[in-house]
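Biologist: I'd like to talk through the charged pairs and the packing in this one. Can you take a look with me?

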Amino acid sequence: MKKLILSLSLILAAVPSFAKKNSSQNVLDLKYSITDPAIVYPESFESDTNKLLESWFVKNYTATDDRYDTEKSPNVTDEEIIERLAALPTVIEMPYNSIVRKYIDRYTVNGRRLVSALLGLGLYYTPIFEQALEEQGLPLELKYLPMIESALDPNAVSKHGATGLWQFMLATAKGLGMEVNSLVDERRDPYLSSEMAAAYLKGLYDSYSDWSLAIAAYNCGPGTVNKAIRRAGGDPASHDFWTIYNYLPAETRGYVPLFIAINYVMNYYPEHNISPVLPTAPLVMDTIHVSDRIHFNQISQVLDIPVEELRILNPQYRADIIPGTVDVPRNLILPSQQIHAYLMSEDDIKNYDSERYNQRTIVNPGDLNDVPEDEILAVEDTEIWAEPDPIKPGQQTATIIHKVKEGETLASIAEMYEITPQQIKTSNNLRRNAVRIGQQLRITSASPQAHMENTVAVVTNNERVSAPTKAAENSAAKKQTSTQSQKQTTAQQKQTTTQKQTNNKQTAANNNKAANNKAANNKAANNKAANTKAKQTQKAAKPSSHDIKSGENLTTIAKKYGVSVDELKKANNMKDDKLKAGGTIKIPAKGKAATNNKATQNNKKGANNKNTKNNNTKKKK
């Protein structure tokens, strides 16, 4: 029967149209007879196998021989491959056809070094994959998918941006809740990415109830597979990978055959003289939670662990930094024998070269006194400048090269040449309002001659033709001296004018003060008249009486009539504070003491104002 199937496949391989959909073919025919002359090999075949074989892990944890280099792969018949595939203990169907054979030959003939590297790396990664698949109840043969996807390189990045062992796209990873930022990329984490991949594969299988379609959808996405099923027509439930083969993208067409081939190679590599890889060191690892920001170098120096080993075991930390916090502790994978050493040395690790590795939260700028003058950058200009008059059409201008001196800013240079800072920025392609000491600036101005001492060259026809001559410098110096004299004269005139204004202001202030004193004296006179009138009123006022009611006392009565308790007692010849309800008490004249006190105060105030007036009069004279 096997010979019959083989003969049939070879005959039909010569017929190009056989791969196309035909109503007379069934699924079984297509699985074993389909052909494809244009196979697209995945990126994992292009992996740098020398890099994989020379990796720190393979060199330190495994031992290989060179049989894959010295002994060629024996000729294996199709019948032998079919028998071996049928003997694999797998749930997922492993049919054989010419496409599967091409991939097997690619691994066992031209990719022997790659298979050797995969066997060595698989010693560490395969148990991680198996654990994640087992937790989801998935077939363990899926553990070979990362070999197709990334060649077991946790830092692999495809041309489309898929990253990690399982080659997750960024959108898919974030949809699954994986963290991806500048410091952490959980797609590279062997443990977490394996858990997410197993959950994702389980979801795909629940959607299609067929592992060949689920595996294809893992490669190209469910949308592409669904589109291929619609194009193939018929009952969607009747389709599998092989019936929609010709409706899939070229890369996905080879994905399931490649999965079958890698399962074959990983189980039968000795039959193809590929060297076995044996572990030379224990591969027992453990996990610890880190609640501080730690750099790999700190761990390496204190525990004497190679940084490369830390990177291999913890590839999710992209910058060798574990950004752990109390709220979000991070996982750190270490050889089990190093876990106790880490716990005992945790403070030493955290404090090792802490000034270098700790994250700075506050930074103060450096002191300019410590910087050489020729390296100091001028402070970026933030001052407001007045807009100069624009250069008129036909007005004569000149272009010079100005050398920036200490203390000069873009605004001060623009003011010097009576142009705008923006004109300087445009002429010199400056992006910000800052210049540095010694910088040479191209200046176009209507009056550059006044500042020739700052000029290092004159530009004519866009060429620096000469530096200013000594005579020109002297002329400029004389002109500058004249200008400075004019400025000093102007400053003196301005100072004189300012002094006159100050004197006038002082005189006006004295006049105002005198007027205020006069008003105060008038007020004092008015107060005196009021006091006199109050005295007259007081003399005219006669004492009154008050009928004492139950519950009243001297205090309430005094408040009612605006007098003091002592005045009440004096007017009634009282020796104590006792009152009898129903009796009568005399009330003295209202406001007597208050009026006297107020008059006394007003008299004093009037006297003070009078003295002030006399003093002002003396000063004025």
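Biologist: How many salt bridges does the structure hold?
Modeller: This is a predicted model, and the structure holds twelve salt bridges.

Biologist: Which residue does Arg-330 meet in a salt bridge?
Modeller: Its partner is Glu-179, with 2.8 Å from N to O. The pair links distant parts of the chain, since Arg-330 lies in strand β6 (residues 330-335) while Glu-179 sits in the loop between α10 (170-175) and α11 (190-208), 151 residues apart.

Biologist: Is Arg-330 buried or exposed?
Modeller: Arg-330 counts as buried because its relative accessible area is 12%, under the 20% limit, whereas Glu-179, at 25%, is partly exposed.

Biologist: What about Arg-356, buried or exposed?
Modeller: Arg-356 is exposed, with a relative accessible area of 59%; its side chain meets that of Asp-353 in a salt bridge at 3.9 Å, N to O, and Asp-353 is partly exposed at 34%. Elsewhere, salt bridges that share partners join Asp-78, Arg-101 and Asp-105 into one network.

Biologist: Switching to packing, which residues touch the most other members of the largest nonpolar core?
Modeller: Among its 83 residues, those are Tyr-107, Leu-142, Leu-145, Trp-166 and Met-266. Helix α8 (residues 112-136) supplies the largest share of this core, twelve residues.

Biologist: What does Leu-145 touch?
Modeller: Leaving aside residues up to four places away in sequence, Leu-145 touches Trp-166, Leu-201, Ile-215, Tyr-255 and Phe-259. There is also a second, separate core of 17 residues, including Val-184, Ile-305, Ile-322 and Leu-334.

Terms used. Residues are numbered from 1 along each chain as its sequence is written. This is a predicted model: local features need pLDDT of at least 70, side-chain atom pairs count only at pLDDT 80 or more; totals for chains, interfaces and linings use all residues. Side-chain values use heavy atoms; hydrogens and water are left out. A nonpolar core is a set of buried Ala, Val, Leu, Ile, Met, Phe, Trp, Tyr and Cys residues joined through side-chain atoms within 4.5 Å. Buried means under 20% relative accessible area, exposed over 50%, partly exposed in between (1.4 Å probe, protein chains only). Helices (H or I, at least four residues) and strands (E, at least two) are DSSP runs, numbered from the N terminus. Contact means heavy atoms within 4.5 Å. A salt bridge is a side-chain nitrogen of Lys or Arg within 4 Å of a carboxyl oxygen of Asp or Glu.
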